[in-house]
Amino acid sequence: MLPLEATSALRDLPDHRRETFELRLERWLPDLRAALEPLYVDHADVLDRLVTLAASAYAARDDDLHRLDQRRTLEPDWFQRPGMVGYAAYADRFADTLAGVAERASYLTELGVGYLHLMPLLTPRPTPSDGGYAVMDFRSVRSDLGTIDDLRALTGVLRSRGISLCLDLVLNHVAREHEWAEQARAGDERKRDYFLVYPDRTMPDAFERTLPEVFPDMAPGSFSWDEELQGWVWTTFNRYQWDVNWANPDVLCEFADIIVFLANQGVEVLRLDAIAFTWKRLGTNCQNQPEVHALTQALRTVARIACPALVFKAEAIVGPQDLVAYLGVGEHYGKVSDLAYHNGLMVQIWSMLASRDARLASRALQQLPDPPSTTAWITYARSHDDIGWAVSDDDAAALGLSGFDHRRFLSDFYAGELEGSWARGLVFGENPATMDRRISGSLASLCGLEQGDPLAVHRILLAHAVILGFGGLPVIWMGDELGLLNDPDWADEPSHREDNRWAHRPRMPWPTPPDEHGIQGAIRHLVQARAALPHLHASVAAEVLDPRDPGVLLVARRHPLGPMVGAYNVMPEPRHVPLSVLRDLRLDVGRLVDHVTGSTPTIRDDAVQLTPYAAAWLTRD
Ligand code: GLC
């Protein structure tokens with residue numbers, strides 16, 4: 001039975017529209033109920049509120065977007081297809097404003113992009129705002145970028161070019177200046193319950209016993225004293241980013257309403273920022289709690305009812321054993337996010353390049369369970385964030401290495417502090433207690449281009465070949481396709497001075513410089529080659545094989561059309577792939593083609609030969 005308010009929201013719609021809504025409800029209501037029951041005592045009431053807001057959003061949705069909903073329902077694998085390549089950028093750094101981005105859309109089309117992630121652009125607090133991750137208003141756009149109408153216009157332009165817009169939904173926290181926080185500070189008790197506030201240090205201390213620190217140097221601890229609240233408020237990230245209380249169903253309803261609002265502006269993918277942190281439990285690290293997945297399922301179901309074209313992308317930078325749950329395992333299978341960052345692959349790309357060895361990466365990647373076949377990894381080599389050396393002690397130990405020493409080696413190597421290092425990275429988030437050191441820096445600078453290393457371009461292309469050939473939705477970080485170096489002026493802006501991640505968030509140089517090193521041309525070629533390979537559809541699992549040559553990462557994909565093997569030489573010297581590997585997969589070695597070069601690979605001594613840092617995508621001709 002529809003709640004009364006939902007019925008009235010749908011009243012003026014044509015019959016077929018009303019019927020579609022009812023069919024969706026029939027299909028998805030059980031998922032919504034199942035998600036809410038374990039979360040909230042008054043779950044029946046919460047369910048009614050969510051259905052009502054879904055109905056209102058559905059009724060308000062543009063015809064164009066209703067058509068998109070239908071199209072996506074007919075083509076649910078749209079984001080898994082080999083032709084899909086993503087691009088991520090700050091709107092202002094890419095093209096000043098949202099209107100500017102629309103004008104630059106042809107650049108993206110030429111690169112083969114079908115998915116654009118624009119970094120936070122909803123109204124943030126005044127600086128510092130953690131690059132926009134401290135949102136003050138989820139329903140308006142940062143004024144220097146444009147207006148909400150510009151956002152709608154931009155999604156229209158992109159949609160007409162077959163580009164889906166992805167926006168961040170920061171759901172772990174809001175800015176201290178968000179109206180909920182303002183009202184809480186002004187004494188509104190209901191709004192105080194939107195946050196986690198403690199009168200003294202008892203609970204914060206109890207929690208902190210098992211909480212890791214996210215920004216140990218910039219923002220130590222996970223609680224901040226607020227004079228106006230007269231309390232310690234939970235702030236996992238910076239002091240001005242207040243964690244919201246997801247145990248309060250009002251918070252869930254608020255975010256559900258924000259989600260359908262953004263979907264109605266034409267946003268097609270929501271990146272669920274810092275989602276791992278949303279549920280807190282004493283005695284744990286307050287990440288990856290089971291309730292996180294129930295919450296996601298509730299939000300996702302609301303979207304499926306009101307605006308099914310919308311998909312979710314989990315930003316969970318967590319260990320391999322926790323990661324796959326974000327794409328749905330067990331009772332949440334097929335009901336949560338469709339996309340999730342493959343942080344492990346990203347880290348291992350850098351680890352392989354520095355150590356010139358593919359064995360640790362192979363072992364680590366083999367430990368990760370396969371994602372559900374309806375979902376896809378976001379494969380990436382760089383993003384706007386630093387690189388944290390998520391190499392597990394177990395994986396390292398399996399190869400006779402110390403995890404601690406290897407992580408240390410990687411940060412020293414990429415900081416350029418080791419003999420023979422070609423990298424020009426910056427140390428980020430150094431934690432003297434754990435001796436953890438993360439790294440900032442652009443892909444090109446980390447690959448040696450800034451230092452003038454003669455093999456830098458090969459490394460840049462190898463990293464791209466891995467993310468484009470692994471299977472999933474590869475996302476190129478703005479400027480990497482041009483080999484942009486660290487921004488030497490990153491600290492000029494006072495609010496950036498404390499945060500060297502700005503070194504790899506440069507401005508796009510327009511007109512783009514001549515492709516001096518051939519990086520852009522080579523990446524375009526890889527994107528085109530990829531689009532023609534059905535083997536790279538994300539529904540096909542990536543199987544990381546045991547390396548036969550320690551310097552070569554081997555990734556097999558068994559597609560009904562036949563097998564494909566991706567081979568990646570991570571060493572600055574020639575290496576090989578024994579033909580026996582291909583024969584074992586029943587790949588016809590008499591008719592091999594390498595789609596990276598577009599020709600027959602060189603075979604000698606019963607092995608495919610790989611030049612230094614070469615990638616090969618091998619299938620039967
Ligand atoms: C995510 C973002 C990061 C930000 C944090 C807090 O991890 O990628 O840039 O600092 O969330 O919102």
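This is a predicted model: local features need pLDDT of at least 70, side-chain atom pairs count only at pLDDT 80 or more; totals for chains, interfaces and linings use all residues.
Close-up 1. Asp42 has a relative accessible area of 37%. Asp42 therefore counts as partly exposed, since that class lies between 20% and 50%.

**Close-up 2. The cis peptide bond at Pro128.** Thr127 and Pro128 are joined by a cis peptide bond. Its omega is about -5°. Pro128 belongs to a loop, with β3 (122–124) on one side and β4 (135–141) on the other.

**Close-up 3. The cis peptide bond at Pro511.** From Trp510 to Pro511 the peptide bond is cis. Omega here is near -10°. Pro511 lies in the loop between β17 (473–477) and α21 (519–531).

**Close-up 4. Positive phi at Ala274.** Ala274 is not a glycine, yet its phi is positive, at about 50°. The residue is found in the loop between β11 (269–273) and α13 (290–306). Is Ala274 buried or exposed? Its relative accessible area is 4%, so Ala274 is buried; the cut-off for buried is under 20%.

**Close-up 5. Positive phi at Tyr613.** Tyr613, a residue other than glycine, has a positive phi near 60°. Its place is the loop between β24 (607–610) and β25 (615–620). Tyr613 counts as buried because its relative accessibility is 3%.

How values were computed:
Residues are numbered from 1 along each chain as its sequence is written. Side-chain values use heavy atoms; hydrogens and water are left out. Buried means under 20% relative accessible area, exposed over 50%, partly exposed in between (1.4 Å probe, protein chains only). Helices (H or I, at least four residues) and strands (E, at least two) are DSSP runs, numbered from the N terminus.
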